[in-house]
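Here are a few friendly exercises on aromatic rings and their neighbours. Try each task yourself, then follow the solution step by step.

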Amino acid sequence: MTVNIERRTQCIRFEAVDGTILRFVLRYPGALVMSNSEVYESGDLAMKTDISATVEGGATVIDVGSVYSADAITRQQVDSRKWDGAFVYSFFTDWAAPVEDEEPERVYQIGRVREEDERYTLELLSLMDLLNQTSGRLITPGCLWTFGDSHINGEIIASDKSKCKIDATLTDVDSVVSHSISNMQFRASALNATYANDWFGNGELIFTTGLNAGLSYSFVKTYLTNGTITLATPFYFTPQVGDEFKIRVGCRKRFTEDCITKHTNGKRFGAFPHVPQKSTVAKFGAQ
């Protein structure tokens, strides 16, 4: 059913990967209570919000209000990447009788976030943009599959990346921070002498308690047998003693060392380790 054009109002809903949901009504003086009792907030943020898009399908931009608005997306959340990969649902409804998702407009995924003058701009990728990404097999010596066909946060993997066929959850380990060094390094004494050096190298780690709980996972750069973990990218907050985390066994995408020796899964290796490099082909082809 088409919304009354004279009372047509746009609403957006942010849904973060960790399940957090924020609802806003744009360019409307007050909050809207939907028929399902969900409240779409207005006020300072919504009055300053504008949406622009290009006809040819380029990135859509949402210019949001103050990053310091206490009841909206905070600066700390943006800096900690809480909203990375979040989906944004846009729809229109009648402000006199509002219904959630009454006239759907588009579904977006949050891309780049820019901040300036205490405001931030969200670049949104439409589903069309996501479909336009490069697909197909690449000829590489390193495996392209996602280890265990899933990420440690439960994220679903596209079928073209799900060929490993190992139940990675069987190798997930729960532990706790015993020594905090920095936001990229800490130690879990409970793991001391339990796993070999580099056992979790290039594995995934996510916090389940503490300030970093709910944030995106990070890859493990190195692991020492005494339980010292160094991350490839820092968490926004420095892990504290007592913070609980989940860590997954690593796979450095090598044919012999990882797929055959470590995981006994050589028949599903997703690369071409014996194909010569382009430089090698060019060298002998010129002779």
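**Exercise 1.** Find which ring the charged end of Arg8 sits over.

*Solution.* Start with the rule: a charge sits over a ring if NZ of Lys or CZ of Arg is within 6 Å of the ring centre and within 35 degrees of the ring normal. In this predicted model, the ring under Arg8 is that of Phe92, with 3.7 Å to its centre. Next, look at Trp199: Lys262 lies over its face, 4.9 Å from the ring centre.

A note on the ground rules: this is a predicted model, where local features need pLDDT of at least 70 and side-chain atom pairs count only at pLDDT 80 or more, while totals for chains, interfaces and linings use all residues. Residues are numbered from 1 along each chain as its sequence is written, and side-chain values use heavy atoms, leaving out hydrogens and water.

**Exercise 2.** Classify the ring pair of Phe207 and Phe235.

*Solution.* First, recall that rings of Phe, Tyr and Trp (its six-membered ring) pair if their centres lie within 6.5 Å; planes under 30 degrees apart are stacked, over 60 edge-to-face, the rest tilted. The centres are 5.0 Å apart and the planes stand at 80 degrees, so this pair is edge-to-face. Then trace the chain: Phe207 is in strand 13, whereas Phe235 is in the loop between strand 15 and strand 16, 28 residues apart. (Strands are DSSP runs of E, at least two residues, numbered from the N terminus.) Finally, widen the view: ring pairs link Phe186, Phe207, Phe235 and Phe245 into a cluster.

Definitions and conventions
Helices (H or I, at least four residues) and strands (E, at least two) are DSSP runs, numbered from the N terminus.
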